[in-house]
Protein chains: 2
Amino acid sequence: MLRMTSIRYELIATCPHTGARRGRIHSPNGVIETPCFMPVGTQGTVKTIGSEDLEALGFQLILSNTYHLSLRPGSDLVERLGGLHKFMSWKGAILTDSGGYQVMSLAHMRKISDEGVSFKSHLDGSEHFLTPERSIQIQGELGVDISMALDVCPPYPCTREEAAEAMRLTHLWAPRNIAAKREHQAVFGIVQGGVHEDLRRESAAFISDQPFDGYAVGGVSVGEPTEMQYPVVKFTAPLLPVDKPRYLMGVGHPQDILHAVGCGIDMFDCVLPTRMARHHALYTLNGRVNVMGKKWAEFDGPVDEGSVFPATERYSAAYMRHLFKAGEPLAGRLATLHNLAFYARLMQEIREAIETQSWPDLMARYANA
Amino acid sequence: MLRMTSIRYELIATCPHTGARRGRIHSPNGVIETPCFMPVGTQGTVKTIGSEDLEALGFQLILSNTYHLSLRPGSDLVERLGGLHKFMSWKGAILTDSGGYQVMSLAHMRKISDEGVSFKSHLDGSEHFLTPERSIQIQGELGVDISMALDVCPPYPCTREEAAEAMRLTHLWAPRNIAAKREHQAVFGIVQGGVHEDLRRESAAFISDQPFDGYAVGGVSVGEPTEMQYPVVKFTAPLLPVDKPRYLMGVGHPQDILHAVGCGIDMFDCVLPTRMARHHALYTLNGRVNVMGKKWAEFDGPVDEGSVFPATERYSAAYMRHLFKAGEPLAGRLATLHNLAFYARLMQEIREAIETQSWPDLMARYANA
């Protein structure tokens with residue numbers, strides 16, 4: 001069955017030094033300049049900040065979580081209220097994950113079969129059954145710009161057999177995700193295969209052959225930077241179609257993003273800048289700084305002169321430390337604004353470096369970030 | 001000893017229907033149009049919002065708490081960093097309380113003598129001794145525009161003897177507060193006397209006779225509206241000097257403010273709009289609304305058409321309810337912005353009603369608020 005899609009990828013420039021691509025995604029809710037970073041708005045809100053803040057920071061695309069929204073307030077309610085954009089008053093584009101990652105993380109509370117995943121809600125223990133069809137339906141009800149196919153993320157670390165089984169189910173489900181699409185619903189496929197190059201090659205070939213609207217590299221773990229991820233990204237990214245967006249899920253640290261962009265990845269999401277912010281860690285050109293540290297107690301300036309942003313520049317490190325020490329809600333907000341501004345600038349400078357063919361200068365600038 | 005003061009009260013207009021005054025306080029950090037409401041920024045921050053938000057809401061004067069700031073981060077540190085305005089990056093004026101109210105509230109952890117109050121910190125149990133001299137010194141270190149004299153608030157309810165004793169100490173300390181002033185430090189005196197008209201008259205006469213820069217009515221309880229407060233305000237306010245600002249401490253509900261302005265009060269502070277916000281209660285022209293209520297679950301508009309404000313108008317009641325249900329930090333922020341916008345508009349309309357001699361129209365408009 002042929003269905004019109006609602007997004008289009010435009011390749012603008014390539015980097016002469018790396019595999020980096022400068023592009024543009026045309027979506028129903030505006031243009032998204034790539035490479036881009038998506039702030040994570042798990043429950044229909046990027047924690048501590050409003051849609052007006054995201055607009056001021058210059059983001060054009062955010063990520064929200066199907067699992068959480070489907071349980072509360074419910075995708076049917078969101079649809080009746082006009083969709084997620086209207087519900088959260090966000091004028092930019094939205095990508096939702098499939099819900100699979102959260103469901104797989106429930107460990108003892110879920111069971112996977114060829115048909116789908118049965119699980120119990122973390123909120124009230126109620127039983128649910130998630131299938132590719134249901135995930136795509138929920139995302140359709142949310143009315144987002146980009147839906148993600150339901151896949152199976154293997155646990156980390158995992159055996160080769162576990163990685164292969166996750167890949168098998170992911171491939172089995174891929175056509176079912178596409179068949180469940182509403183007209184104009186854009187769905188991205190996900191490549192699995194763990195750290196095994198042969199599995200990744202097999203998965204990239206299979207998934208790329210499916211008529212998805214974009215292609216993601218899944219199963220690369222969220223968290224601390226690990227050089228283990230780098231080879232996976234390096235040999236997988238170039239296997240994905242050049243005329244569609246490429247998305248590395250759940251990544252990551254600034255260095256991880258720089259590496260992956262160099263491999264040809266266009267899109268990223270990660271909880272790090274927002275979660276770290278709530279744990280008083282500020283991203284700077286000189287690395288992540290713990291603003292709760294005693295050294296900032298009387299520091300009447302920013303933690304890093306090179307990392308000053310309009311949204312928070314009026315506040316000193318001493319004041320931010322005081323807010324965290326005193327348990328004030330403003331602390332998390334200011335740190336979130338700071339970190340997202342850092343990530344927004346990083347992506348802006350990545351895009352400029354590709355356009356101006358100055359990638360080595362960019363790498364030097366972020367060498368200690 | 002004669003000391004220059006740094007604030008000046010200008011009477012602009014009086015209401016033909018009531019005792020309301022339209023005035024202006026000239027302070028080192030700008031003009032304050034009165035009657036005015038001060039948002040409460042206990043720990044050097046109005047909970048959930050930044051100084052840029054307070055500016056956008058149009059506030060010109062905020063209140064902060066000497067007790068909290070003196071314990072954390074310490075008034076000496078704030079002074080070394082250039083004072084509280086600079087510390088919290090607030091361009092408007094600041095009034096601090098004396099610390100007395102919090103110390104008196106410590107109940108079993110404090111002891112009052114003619115010399116002052118000994119108490120233990122709620123943070124670490126460390127012992128402190130608060131005197132008029134020390135309170136004024138701390139407020140001088142914070143560098144605020146208006147300092148409050150250390151007084152004694154009687155418990156509520158209290159016997160006539162307790163009210164009289166609180167008044168005796170308040171009067172005993174009044175000259176010591178003034179003698180401790182830095183040059184240009186503006187200090188307001190406080191009238192005590194409980195609900196007893198004769199004590200209030202005695203106190204108003206005594207305190208008014210002291211060279212304070214403004215005069216406050218203290219000991220009127222924070223919280224639910226009580227017609228019991230009204231007679232106290234009614235007979236006390238007119239006893240205060242006409243050429244200085246008059247401040248009713250810890251009040252209150254919109255109806256309480258309207259009543260007190262009508263009695264000739266110029267300044268108010270209260271935790272209600274900010275505290276209620278964090279408990280999902282929104283002020284509207286139709287009363288306080290619990291946005292967590294089931295009736296708002298699918299309500300695609302504001303809780304009250306007449307109470308829509310720029311800072312939050314893009315968000316529906318359904319979305320705010322979702323944020324509160326999901327425990328999202330943005331919930332408290334949006335509700336705080338809403339409630340403070342309501343109070344800012346109330347005060348703006350009070351000032352206009354005095355100027356345009358349309359007090360009855362104002363009372364009709366807020367009849368159900």
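What share of the 369 residues in chain A is buried? Buried residues make up 54% of them, where buried asks for 20 or more other C-beta atoms within 10 Å of a residue's own, with C-beta atoms placed from the backbone.

A word on the model before going on. Residues are numbered from 1 along each chain as its sequence is written, and chains are lettered from A and ligands numbered from 1 in the order in which they are written. The model is predicted, with local features needing pLDDT of at least 70 and side-chain atom pairs counting only at pLDDT 80 or more, while totals for chains, interfaces and linings use all residues.

**Chain A as a whole**

Chain A holds 14 helices and 17 strands; these are DSSP runs numbered from the N terminus, helices being H or I of at least four residues and strands E of at least two. Its radius of gyration, 20 Å, agrees with the value near 21 Å that a compact globule of 369 residues would have. That radius is taken over C-alpha atoms, and the globule rule is 2.2 Å times the number of residues to the power 0.38. Along the principal axes, the C-alpha atoms of chain A fill a box of roughly 60 × 50 × 40 Å.

**Two domains**

Chain A is divided into domain 1 (17-270) and domain 2 (271-360), with bounds from an automatic or database domain assignment. Their C-alpha centres lie 26 Å apart. Across the boundary, 26 residues of domain 1 are in contact with 23 residues of domain 2, contact meaning C-beta atoms, placed from the backbone, within 7 Å. On the domain 1 side, β4 (36-38), α1 (51-57) and α10 (254-262) of chain A each supply at least two residues.

**Chain B against chain A**

The contact between the chains takes 30 residues from chain B and 30 residues from chain A. On the chain B side, α12(B) gives the largest share, 5 residues.

Notes. Contact = placed C-beta atoms within 7 Å. Buried ≥ 20, exposed ≤ 12 C-beta atoms within 10 Å, placed from the backbone.
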